[in-house]
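The sequence and structure come first.

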Amino acid sequence: MTYYHLSHLQQLESEAIFIMREVAAQFERPALLFSGGKDSIVLVRLAQKAFSPARIPFPLLHIDTGHNFPETLEFRDKLVEDIGARLVVKLVQDTIDQGRAVEEKGVNASRNALQTVTLLDALEELQIEAALGGARRDEEKARAKERFFSHRDEFGQWDPKNQRPELWNLFNGYKQMGEHFRVFPLSNWTEMDVWQYIAKENLDIPSIYFSHDREVIDRSGTLLANTEYVTVQPNETVETRRVRFRTVGDMTCTGAVESEASSLSDIIQEVAAARQTERGTRADDKRSETAMEDRKKQGYF
Amino acid sequence: MTKEVTYENMDLLRFTTAGSVDDGKSTLIGRLLYDSKAIFEDQLDAIEKSSEMRGDENVNLALLTDGLKAEREQGITIDVAYRYFATPRRKFIIADTPGHIQYTRNMVTGASTADLAIILIDARKGVIEQTCRHAFIASLLKIEHLVVCVNKMDLVDYKESVFDEIVEAFSAFASRLHVSDIKFIPISALHGDNVVDKSDKMPWYQGASLLFTLETAYIGSDANHVDARFPIQWVIRPQSKEHHDFRGFAGRIAAGVFKPGDEVIALPSGFTSRVKDVRTFEGPLEEAFHPMSVTITLEDEIDISRGDMLAKPNNIPEIGQDIELMICWFSEKKLQPRGKYLIKHTSRDAKCLVKEIRYKVDINTLHKIESDLEVSLNDIARIQIRTTQPLFYDSYNKNRNTGSVILIDEFTHNTVAAGMII
């Protein structure tokens, strides 16, 4: 007798493709939030798989803070061209110039929180009903409570205490005018799953994920890249170290880790041995114990 | 047949944990996560710090799962929390659900996707009402495998007689349920006895540790590979030069196997055709089975759209509009007799009318209640509905995917009930 069996990665893939198709079917105007990070790269591959041989039936939306690593943007443009997807870019700078958001001040100023304003404006302007994101439940404690289909009210806010229960594979995408959904097909994936999938599918990723020499500043344990957006403090020194990034965010708040991992299999070994979460390098999560929950309630990714 | 397990071919077990307040559920999960290295140093640092700030005596592992501000403030779990860990044999998804009576809805939610349920019993308290409730919900949601952990054995001097009494009491209750596989394990989550490794404190216990039980539970035969069902999610029409005439039906196989050449019937139209190919992004497949997401093309052009279903002509699902359901009610607003609700079933959306409320179930005693038919939050009830369009369904006991529905409030759009077709 044949033994019908799927490995856990195949099961996660099948689940994510199912979610993608539900989104296309249940919403008139979805979009895929693309950051150039590894999770959104996996998301794009899953979207290709879900609708093949047709093209992805919705645009990719990038909220560009203006503080992205140049390697990420280069990567983004190449990927979009390769797969023939439609890309919409919205700039945080425009939001600031319009006076709809005010730049943070101080040493650790970041545009991380400002992105939310640009994102919500973009969703409203483009009348996006469902925004697909690459967030995973294993990333952060508030994200552990997320639904696959996460309802947002007319202000784009998340009400974590009052979420719709999600049962079996029945996803309730009904909503009122002006409300929208965030949808997370990778909810059940772990960081390890994402890396294994990237290796299995042989996906390209931005070069900053791999080990390279870079000038960094050690700011209370976080290794920040020395760029024009980070001001070196009097007690800080700039030094060149061999590093890589575990997540791709803004240059102002994404820390590097010292690493020699120069291939996918090196990275996988490093992740397997890691004793720190990937977001352990994110200064934006360290602002308070509930930094992520607070931002998510406002409408963050 | 032994095959080396690598990350690529590891399989997946989804389980749910249910227990009452203070029976050590968080400690148990914390231990599983910690011993399998799924807890990272910065997470541990963070909860150590907040435990200290809160004045907790020990590191409060519950803070790992209680992620929301309100949960941390009140020291309770409000919502289902999903946790992930892996051993070299298997990947695990835990749906950790709070056990208080008012959270039946969370237990039902967590159980809906679980292959196995862990039920925790405090060795000092034995089988209590909540234990019965958890076991009943597990059986109602058709979880085939129960692992009953008798916890806090350290507090009863690791006595075999205490364990035996609980096994007997639980078995007596469980004989009224439909669960095929029940295992009992005496543990101490706090000290780690029989959690990851076999304990030397209970030489009288001949069985396996909890982790070994989870790693080896055989779930391969739980899926239905007999009754082929393919609900159409989305029709793929590339409208490109290269694929000008391509018309593929995308979906996730709900049960059974599909392969090229199979004769299929489309519901509701009743037209038959043959499978031309079953494909994915990677290309055509020899066959596909549950739970694969695939695209099926047919030899003939027949009209099929989302909400329709492909099956085999000699094995079709029930087709009907008058449907009997067991429901769990999720809303603070009571079920309206003769009320109208939106209903979701596989990829089909319809409306339904509640025709009759037959009885409620007392989830502690399993008795039918026919005198009071008011269905409120967390109630379990049997009802009859009539749908605006026919559904193509199987009984929930035969197939979880084609036997489950959710009811949605027409105005608030909240999911108000989970339903299992009888």
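## A ring cluster in chain A

Phe18(A), Phe27(A), Phe148(A), Phe149(A), Phe171(A) and Phe181(A) are joined into a cluster by ring pairs. The model is a predicted one. Over all chains, a search of the whole structure gives 21 aromatic pairs.

One of them is Phe27(A) with Phe181(A). Phe27(A) sits in the loop between helix H1 (8–26) and strand E1 (30–33) of chain A, and Phe181(A) belongs to strand E6 (residues 180–183) of that chain, so the pair ties together parts 154 residues apart in sequence. Phe27(A) and Phe181(A) are both buried.

## An edge-to-face pair in chain B

How do the rings of Phe15(B) and Phe92(B) pair, and at what angle are their planes? The planes stand at 75° with the centres 6.1 Å apart, so the pair is edge-to-face. The cut-off for that class is over 60 degrees.

Phe15(B) is part of strand E1 (residues 11–18) of chain B, while Phe92(B) is in strand E3 (residues 90–96) of chain B; the pair therefore ties together parts 77 residues apart in sequence. Both Phe15(B) and Phe92(B) are buried.

## Lysines over rings

Chain B also has lysines placed over aromatic rings. The charged end of Lys368(B) is over the ring of Tyr359(B), at 4.8 Å from the ring's centre. Lys312(B) lies over the face of Phe258(B), 5.2 Å from the ring centre.

Conventions
Residues numbered from 1 in each chain as written. Chains lettered and ligands numbered in written order. Predicted model: local features only at pLDDT ≥ 70, side-chain atom pairs only at ≥ 80, totals over all residues. Heavy atoms only, no water. Phe/Tyr/Trp six-rings, centres within 6.5 Å; stacked < 30°, edge-to-face > 60°. Helix = DSSP H or I, 4+ residues; strand = E, 2+ residues; numbered from the N terminus. Buried < 20%, exposed > 50% of the residue type's maximum accessible area, 1.4 Å probe, protein only. Lys NZ or Arg CZ within 6 Å of the ring centre and 35° of its normal.
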